[in-house]
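Please keep the structure open beside the text while you read.

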Amino acid sequence: MTQTVLVLDFGSQYTQLIARRIREHRVYSFVHPFDLALDKIRELAPTAIVLSGGPQSVYAEAAPHCSREIFDLGIPILGICYSMQLAAFLLGGRVEAAAEREYGRAEVDVIRDSPLFRNTPAHQRVWASHGDNILAAPPGFEVTASSPSAPIAAFENRERACYCIQFHPEVTHTEAGTQILKNFLFDIAKCQPSWDLGDYRRRKVEEIRAQVGDRHVIAAVSGGVDSSVAALLVAEAIGDQLTAIFVDNGVLRKHEAMQVVSRLSEGLGMHIVAVDARERFYEKLAGIEDPEVKRKRIGNEFIAVFEEEAKRIPNVEFLVQGTLYPDVIESVSIKGPSSIIKTHHNVGGLPEKMGLKLIEPVRELFKDEVRRLGLELGLEEEFVWRHPFPGPGLAVRILGEVNAARVEILQNADEIVIDEIRKADLYRETSQAFAVLLPVRSVGVMGDERTYENVLAIRAVTTTDFMTADWFRMPHDVLDRMARRIVNEVRGVNRVVYDISSKPPSTIEWE
Ligand code: XMP
């Protein structure tokens with residue numbers, strides 16, 4: 001049986017990261033809310049439990065508390081930050097609420113030999129955050145690390161196999177974080193590195209075959225990585241019983257429609273129906289300037305087109321959706337102040353409306369795992385590392401009215417932006433980069449002629465989670481090449497600007 005590590009979520013923004021890090025060590029890990037019932041935990045029989053950090057004080061009115069008995073299950077426990085304070089509080093140590101929350105870089109000294117700190121420096125840099133101070137460790141626990149601001153920075157009880165630290169081993173700012181996690185997983189909890197995407201793929205294929213039988217399945221492929229990988233996995237299981245539907249909504253990148261079909265259908269043998277619905281979408285978008293109305297109209301029109309196509313296919317009972325594990329966690333996690341901002345759902349309501357059952361073959365995977373699986377299923381490297389592209393596509397990058405002419409301008413400019421970024425080998429360094437067409441015209445001069453044309457903005461950001469982002473410090477020579485090429489090659493643009501705002505307070509997209 002696969003060994004698993006249960007991560008209980010107390011509301012930290014890093015909870016998902018803990019699970020990902022554990023999986024990076026090839027140990028399967030999953031997240032549940034902090035109040036998962038004890039019976040349920042026993043039933044899941046995890047090899048180890050990690051208790052996440054959290055934004056609260058243990059004394060706060062709505063502070064998340066788990067059952068004290070979790071510590072008596074005989075399962076090795078790693079408590080991080082808030083959970084260390086909670087352990088102190090529940091197990092008879094002393095905790096006081098601090099006046100201010102401490103957050104950021106800190107340095108700790110390992111003051112006692114500990115299996116958790118094995119092969120780590122005696123003095124180490126960590127990333128800490130805590131809202132309470134621990135005044136005394138619980139009876140039976142020994143203090144193993146200390147820092148100037150938190151004299152009790154780690155404690156442990158080896159008999160109980162309970163280890164708590166005041167800092168975050170899952171973030172890269174903690175220099176020995178990876179070693180600490182490894183020590184916990186392999187030396188203390190005796191996990192085996194057995195989580196394997198190949199096994200996952202085989203198991204899913206079996207499951208899908210059993211679930212579908214001789215019925216039919218449809219999938220909406222958007223051209224993105226998640227929906228492609230999900231559909232490919234289903235295609236591997238049931239072949240032509242899957243029909244993938246690809247809708248060209250008129251606001252895709254240049255050549256995207258053609259590429260999707262050739263990649264999945266000609267390249268990988270998937271049965272695809274491609275629908276050219278560009279005109280329908282442009283009609284719905286005519287005269288619309290409000291971003292939310294654009295989003296709604298595109299979403300609704302997509303559903304309408306998709307339903308029409310799906311009706312032509314007999315005996316359909318299932319719909320494939322590329323839901324990822326973070327979306328699943330998001331829906332169960334507690335909503336602390338640092339909890340995840342909702343992602344955008346583009347085809348919400350489709351399965352209910354059509355009376356279809358869902359197949360979500362990648363819902364247990366993180367994005368990086370979906371990418372790796374994509375490679376195994378035959379997608380090319382360049383494709384699986386694509387920047388995310390929003391469901392409403394270029395429509396939210398054309399400020400003001402969207403029409404065929406403006407889409408063409410943006411497609412051409414966008415192609416240059418990406419081309420230059422790739423040539424400068426910056427594609428993987430940026431998380432998202434694109435062009436935005438502004439509803440502004442400015443005066444320029446070309447040859448001897450005065451021009452009065454569109455202004456185009458270039459946006460490039462770095463981020464790990466898309467909830468916050470920094471603008472990318474693009475080298476000037478790359479910006480220069482982009483701007484020159486855009487003004488020279490794209491008819492209708494005579495000025496290029498670079499967006500230097502971070503998120504927050506700005507967002508990544510302009511609409
Ligand atoms: P913002 O603009 O909110 O974007 O900072 C965060 C991430 O979400 C993407 N995004 C969308 N994705 N439908 C989508 O599928 C949408 O309506 C949408 N709006 C923004 C954006 O590209 C970025 O990756």
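**Charges over rings**

In this predicted model, the charged end of Arg 473 is placed over the ring of Trp 471, at 3.8 Å from the ring's centre.

*Aromatic pairs around Phe 10*

- When the whole structure is searched, 11 aromatic pairs are found, and one of them joins Phe 10 and Phe 34 in a tilted arrangement, with 5.7 Å from centre to centre and 35° between the planes.
- Because Phe 10 belongs to the loop between β1 (4–9) and α1 (15–24), while Phe 34 belongs to the loop between β2 (28–33) and α2 (38–44), their pair ties together parts that are 24 residues apart in sequence.
- Phe 10 is buried, with a relative accessible area of 0%, and Phe 34, at 13% relative accessibility, also counts as buried.
- Phe 10 also pairs with Tyr 82, and this pair is tilted, since the ring centres are 5.6 Å apart and the planes stand at 45°.
- Tyr 82 lies in helix α3 (residues 82–90) and Phe 10 in the loop between β1 and α1, so this pair ties together parts that are 72 residues apart in sequence.
- Both Phe 10 and Tyr 82 are buried.

*An aromatic cluster*

- One aromatic cluster is formed by Tyr 28, Phe 30, Trp 195 and Tyr 200.

Notes:
Residues are numbered from 1 along each chain as its sequence is written. This is a predicted model: local features need pLDDT of at least 70, side-chain atom pairs count only at pLDDT 80 or more; totals for chains, interfaces and linings use all residues. Side-chain values use heavy atoms; hydrogens and water are left out. Rings of Phe, Tyr and Trp (its six-membered ring) pair if their centres lie within 6.5 Å; planes under 30 degrees apart count as stacked, over 60 as edge-to-face and the rest as tilted. Helices (H or I, at least four residues) and strands (E, at least two) are DSSP runs, numbered from the N terminus. Buried means under 20% relative accessible area, exposed over 50%, partly exposed in between (1.4 Å probe, protein chains only). A charge sits over a ring if NZ of Lys or CZ of Arg is within 6 Å of the ring centre and within 35 degrees of the ring normal.
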